[in-house]
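My notes are below, kept in the order of looking.

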Amino acid sequence: MKTTPEVNAARLLKSVADFAAIGATPAGGVNRQALSVEDRAARRLLVERALARGFTVFQDEVANLFIRREGRDAALAPLLIGSHLDSQPTGGRFDGALGTLTAFEALEALADAGIETDRAIEVVAFTNEEGSRFSPGCMGSMAFAGVANVTDWHSVAATDGARFSDELAATLNDLPEAEISPIGHTISAFVELHIEQGPILEREGVPIGIVTAVQGTKWLEVAFSGEAAHAGTTPLEFRKDPMAAAAAAIVRIQGDIMPSDPDARLTVGRIAAEPGSINVIPGRVSFTVDIRHPDATILAAIERRVRDECQAAGERLGCKTVIEQRVDMPPGRFSPHVAQAIEDGCAAQGIACRPMISGAFHDALFVNRIAPSAMIFVPCRNGVSHNEAEFVTDDHIMIGARALLGAVVKLSCE
Ligand code: GLV
Ligand code: MN
Ligand code: MN
């Protein structure tokens, strides 16, 4: 190695600000949902920067975007680093983008220092991690890991009515510079940096979390069908009111599951009534349930409980109940080898760190199924995320980038 690679603070912080401007919301967050015009603009900016640095770019059939810097030995599988660029509709500027941009900064730092790594390094921006515009989340990493096929989602409709296959094709065609290769090439390992999205690191004053596991997630869509009727003229005994069923079911599952298990998480994040008129008893009400738990058996038991409560509420109120599972992500345990490389990189630079479990799912959960993976967490203010107020200090951005670079050097030169 010629010199030690160094993160360029001014460049990285400017890069975070430049990407935050794409899809910027008035409240200081971003709306850059998967495969949208804004998502495409962010991909374009990354590709332009990559080509300007002499890196190569390519994408795969699910529009995962890769930036590659060659290593000494072309026979060695590349090290993969990165995250995603899509956001929640009222998302923050760091969820996903920070992992992608610190990974790109690592490539630039290696190039600045003239360092030739043994294996190539690829930065990835995975497609649709968030799952808010098109469900499920982590489409890109699931397809990359062979857990699902891109064709499974072609007819998926976006929350804005667009079709997945159309938006995917438009996104792929928007980057003619990035050749399209088959999904799922061999990699040696994967490291993803991300904001913690929870309060632990900030509370403990530790700048780096080394993520050793991710809790499991299940997403359900519950729909009650009753009978649309006049709000003013229909007495109680004539009503088949799916809103009453939904309210009863939500009160039961919210009131019981989390209060009785501090490790459980349950969220009803979206509810829709049809026809959605103030003076019409709805004919149909649907809502989503997001359930999380680190233990797969308990997670399955919570799902059964939610299903039972919803069926019972539907029956009590004369409604038909249909429950569909949209996402089933079992808990995952990351690679001790990759976690150790992160820890060694931190130790060498005097960066304090601690092991932790991720409450959020991440692309690394799926990549870990085909290659040893682990994650680096940095603190975010008050643990707030999936919110325009998401905030990470410049210091923590820099420490995270240095921790990532340390791990990258270890894992690409071994
Ligand atoms: C990821 O965005 C999650 O919901 O955990
Ligand atoms: Mn994310
Ligand atoms: Mn997210």
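The entries that follow begin with conventions and then take up each topic.

**Conventions.** I am working from a predicted model, in which local features need pLDDT of at least 70 and side-chain atom pairs count only at pLDDT 80 or more, while totals for chains, interfaces and linings use all residues. Residues are numbered from 1 along each chain as its sequence is written, chains are lettered from A and ligands numbered from 1 in the order in which they are written, and side-chain values use heavy atoms, with hydrogens and water left out.

**Metal site.** I looked up the manganese ion (ligand 2) and found it coordinated by His84 (NE2), Asp95 (OD) and His194 (NE2) at 2.0 to 2.2 Å; donors here are N, O and S atoms within 2.8 Å of the metal (3.2 Å for Na, K and Ca), and since water is not among the atoms, sites may look incomplete. The spacing of these donor residues in sequence is H-x10-D-x98-H. Asp95 also bridges to the manganese ion (ligand 3), and the two ions lie 3.5 Å apart. His84 belongs to strand E3 (residues 79–84) and His194 to strand E6 (residues 189–195), so the pair ties together parts 110 residues apart in sequence; strands (E, at least two residues) and helices (H or I, at least four) are DSSP runs numbered from the N terminus. I noted that His84 is buried, with a relative accessible area of 0%, and that His194 is buried at 1%, where buried means under 20%, exposed over 50% and partly exposed in between (1.4 Å probe, protein chains only).

**Strand E7.** I then checked strand E7 (residues 208–214), where 6 of the 7 residues are buried, so the strand is largely enclosed by the rest of the structure. E7 runs parallel to strand E16 (residues 353–358), joined to it by 6 bridges, and Val214 has Ser358 as its bridge partner there. With strand E17 (residues 373–378) E7 pairs in the antiparallel sense over 3 bridges, Gly209 standing opposite Phe377; pairing requires that DSSP find at least two bridges between the strands.
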